[in-house]
Amino acid sequence: MAVLLVAEISKGALNRDATAKAMRAVRDLGPVTLLCAGATPEAAAEAARIDGAARVLLAEGTQYAHQMAEPLAALIAVLAGEFEHVAAPATSVAKNALPRVAGLLDVMVIPDVLKVVDAETFERPIYAGNAIQTVRSRDAVKLMTIRTTGFDAAGEGEAAPIETVADLADPGLAAWLTDAVTESDRLELTSASRVVSGGRGMASKENFALVEGLADSLSAAVGASRAAVDAGYAPNDWQVGQTGKVVAPDLYVAVGISGAIQHLAGMKDSKVIVAINKDEEAPIFQVADYGLVGDLFELVPELTGALR
Amino acid sequence: MKILVPVKRVMDYNVQPRVKADGSGVDLANVKMSMNPFDEIAVEEAIRLKEAGVASEVIVVSIGVKQAQDALRTALAMGADRAILVNAGDDVHQDIEPLAVARILAKVVEAEAPELVITGKQAIDNDMNATGQMLAARLGWGQAMFASKLEIADGVAKVTREVDGGLQSIEVKLPAIVSADLRLNEPRYASLPNIMKAKKKPLVETSAADYGVDVSPRLEIVSVREPQGRQAGIKLGSVNELVGQLKEAGVL
């Protein structure tokens, strides 16, 4: 009943938060082997100390450096044979690669697992989180991505042994060109304990500075609704929702966001939700614990000032 | 160059889903259905490539119940050239899993030999986000998922992908699978004359059995339930009241 957990690696470094949350979700299923593909030896060493890791496999080949789906899926598919479960945190890397692994192995993928009921039964959201489906897998290998918001990160444990795995040949189907990564000192959206998001009500890219100012006063990450991203007010990687990022911070502040179903899907599991909107009928108030009805261009600077 | 676009008929995105009383699934009886919005974006992109002279023919395919031909007719009205309906059951509540869909699509690709398949990133009913990747694996093709920009030149697709950290550019050799994200384009509305014309465009019906693919599910649906609801909270009169409440709630 062994588990292969694919660690989230970015530019060689470990995304410990996402990986350790996924570890918490799967470690009761059996001894967990962590795969660190395209990672540095330092990142593998950090992964080895996540409580629950029984061993770490390090694949250092350059073909894994950008987490391209074709070489990564080929590697996971080769390794999968000795495991009953193969899992990864539900990041854009895993959503790209794991269904490809499923296609290679001729098994289904179970995306966005919210809860592990038993070794073959899992809960997952459908219809943008408007329904929760419990599925039982009949496949020999249970392949799944873990929605990390439902799990606390596993702590530090004894360092597990690290083994190097042989690289496979790059299938040469695709090539990485560039990453246009939004450089910022801001907290990472999915792991921040506070998030401030802006919506269409911000009315311009320049006005988004108000959202950022409020986020600064709260030490929060910055998010956005799809409408704000579509309108060019905010970059795509800030998008919270059904098809963007799913967050569940201690505090979520929605500014000028009406609360479309697809946005609620990405944040309604936050512990405390605050909504600031001029429309008192906005659906966001149906999920908000605290609401302020009024002009955000007055309320947000006032709130920012009060918090400083 | 032929382009194949798989489309799915799903509950319209404006409809509030209701879980059936017996907990077997979401109620689809007498509910407005439409083409999956991400698939509309995929169809639009294919049509634009044809209009730009890059593609010669746009073929749309849907796998599911007979009523899925509505989605195909919509795609034809948008500008696709012909359609294939793969009948895979007659119970509207029986979702065909992405793996079975991908296996059937692989057979359609063998028969039609497109150089490019554009799928929607995910269907908004089961939110699986898997069919395109699985199809790429079955065919041994490269994949460029979650595309927000697509350019075709010299046998290569150059794709900008929406990823967690921002945007990523990759090149994938054709034939390949691309999946459409929200910002790839804004799909057109079909005009009334085009809707009439679409009724005369060819739509071929086949069945899953014709392709020798078993569509029985690998995932047994044990139950479906409503999520835990959230109670609407309180509206406050001032910023100071809000700060006070947040301190009391222990989040400041």
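User: How many of the 252 residues of chain B count as buried, as a percentage?

Analyst: Keep in mind that this is a predicted model. A residue gets called buried when its relative accessible area is under 20%. Go through the 252 residues of chain B with that cut-off, and the share that counts as buried is 52%.

User: What is chain B built from, in helices and strands?

Analyst: Let's start with the overall span: the C-alpha trace of chain B covers about 65 × 45 × 40 Å along its principal axes. As for the pieces inside, chain B has six helices and 13 strands.

User: Is Ile195(B) buried, exposed or partly exposed?

Analyst: First, find it: Ile195(B) sits in helix H5 of chain B, which covers residues 192-198. Buried means under 20% and exposed means over 50%, with partly exposed in between. Ile195(B) has 35% relative accessibility, so the label is partly exposed.

User: How much area do chain B and chain A bury between them?

Analyst: The size of an interface is often given as the accessible area lost when the parts come together. Here 74 residues of chain B are in contact with 85 residues of chain A. Carbon and sulfur atoms account for 54% of the buried area. The total that chain B and chain A bury is about 6,800 Å².

User: How many salt bridges are there between chain B and chain A?

Analyst: Here's an example of one: Glu220(B) pairs with Arg138(A), and their closest N and O atoms are 4.0 Å apart. For salt bridges between the two chains, the count is nine.

User: Which element gives the largest share of the side of chain B that touches chain A?

Analyst: Several elements give two or more residues to that side, including helix H3 (98-112), strand S7 (142-153) and strand S9 (166-173) of chain B. The largest share is eight residues, and it comes from S9(B).

User: Which side chain is joined to that of Arg16(A) by a polar contact of 3.1 Å?

Analyst: Arg16(A) is in helix H1 of chain A, residues 16-26. Leaving out residues up to four places away in sequence, Arg16(A) touches Glu46(A), Ile50(A), Ala153(A), Ala154(A), Gly155(A) and Glu156(A). The one whose side chain makes the 3.1 Å polar contact is Glu156(A).

Note on methods
Residues numbered from 1 in each chain as written. Chains lettered and ligands numbered in written order. Predicted model: local features only at pLDDT ≥ 70, side-chain atom pairs only at ≥ 80, totals over all residues. Heavy atoms only, no water. Helix = DSSP H or I, 4+ residues; strand = E, 2+ residues; numbered from the N terminus. Buried < 20%, exposed > 50% of the residue type's maximum accessible area, 1.4 Å probe, protein only. Contact = heavy atoms within 4.5 Å. Buried area = accessible area lost by both parts, 1.4 Å probe. Salt bridge = Lys/Arg side-chain N within 4 Å of Asp/Glu carboxyl O. Polar contact = N/O pair within 3.5 Å; in protein donor to acceptor, adjacent residues only side chain to side chain.
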